[in-house]
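Let's take a walk through this structure, with an eye on how its pieces are held against each other.

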Amino acid sequence: MNDELAIPQKDPDAFLRVILCLGRAMITCGSEIRRVEDTMSRIFIAYGITEYDLHSIASQIVITYRAPDGRHYTQSVRIGIPANNLGKLEQYNAIARRICREMPDIPEIEQIPPMAGLHVRQNGLGIPSAQVASVSFSAAASGTRWRLR
């Protein structure tokens, strides 16, 4: 078993990425939202994190937590179209129980067979794309005309 706060302090972004990948996989396999939130909460508690906020809906998960150094870390992930795959869902539940029980390092979690193929996109295009889309929708919704020349 690792030191209680070692993983989140070592690499907070990787820690959140792994939790988001697991949550997304569970929702995509047909899990109920409240069960996914409960699972992610149990992982935070297992690693000694008590100040966190997570919000899940069918299309997105957002997580923020406060590290012992006082910094806040936030990440989100968009969820694809869900399908019912209860066999895979049981595998992800087993991974979550193992994470809570053993508190493995992030690279070890990423090597667990069902987790090995899961990734959260980190290409950097999400924020600029969202900004362009929001400006476009704002202009359309406001009723004013903008002429592009």
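Which residue forms a salt bridge with Arg17? The partner is Glu110, and the closest N and O atoms of the two are 2.8 Å apart. Keep in mind throughout that this is a predicted model.

How open are the two ends? Arg17 has a relative accessible area of 21%, so it counts as partly exposed. Glu110 comes out at 29%, which is also in the partly exposed range.

Glu51 lies in the loop between α3 and β1 (52-57), while Arg66 belongs to strand β2 (residues 60-66), so the pair links parts that are 15 residues apart in sequence. Glu51 is partly exposed, with a relative accessible area of 43%, and Arg66 is partly exposed at 33%.

Then there's the pair made by Glu102 and Arg101, whose side chains meet in a salt bridge at 3.9 Å, N to O. Salt bridges that share partners join Arg98, Arg101, Glu102 and Glu108 into one network. Within that group, Glu102 is partly exposed, with 32% relative accessibility, whereas Arg101 is exposed at 52%.

## How α2 and α4 pack

Helix α2 (residues 12-28) packs with α4 at an angle of about 150 degrees, and their axes are 9 Å apart. Angles over 145 degrees count as roughly antiparallel, so α2 is roughly antiparallel to α4. As for handedness, α2 passes α4 in a left-handed crossing.

Which residues make the contact? From α2 come Leu22, Ala25 and Met26, and from α4 come Leu89, Tyr92, Asn93, Ile95, Ala96 and Ile99. By type, the residues of this contact divide into eight nonpolar, one polar and no charged.

Most residues other than glycine have a negative phi. Met103 is worth a look on that score: it isn't a glycine, yet its phi is positive, at about 45 degrees.

Where does Met103 sit? It is found in the loop between α4 (86-102) and α5 (106-110). Is Met103 buried or exposed? Its relative accessible area is 3%, and buried means under 20%, so Met103 is buried.

## Ser41 in helix α3

Now over to α3, which covers residues 33-46 and includes Ser41. With a relative accessible area of 16%, Ser41 is under the 20% cut-off, so this serine counts as buried.

What does Ser41 touch, leaving aside its neighbours within four places in sequence? Its contacts are with Tyr52 and Leu54.

How values were computed: Residues numbered from 1 in each chain as written. Predicted model: local features only at pLDDT ≥ 70, side-chain atom pairs only at ≥ 80, totals over all residues. Heavy atoms only, no water. Helix = DSSP H or I, 4+ residues; strand = E, 2+ residues; numbered from the N terminus. Buried < 20%, exposed > 50% of the residue type's maximum accessible area, 1.4 Å probe, protein only. Contact = heavy atoms within 4.5 Å. Axes fitted to C-alpha atoms, helices over the stretch in contact; angles between N-to-C directions. Parallel < 35°, antiparallel > 145°, perpendicular 65-115°, else oblique. Left-handed = near helix turned anticlockwise from the far one by under 90°. Nonpolar A, V, L, I, M, F, W, Y, C, P; charged D, E, K, R; others polar. Salt bridge = Lys/Arg side-chain N within 4 Å of Asp/Glu carboxyl O.
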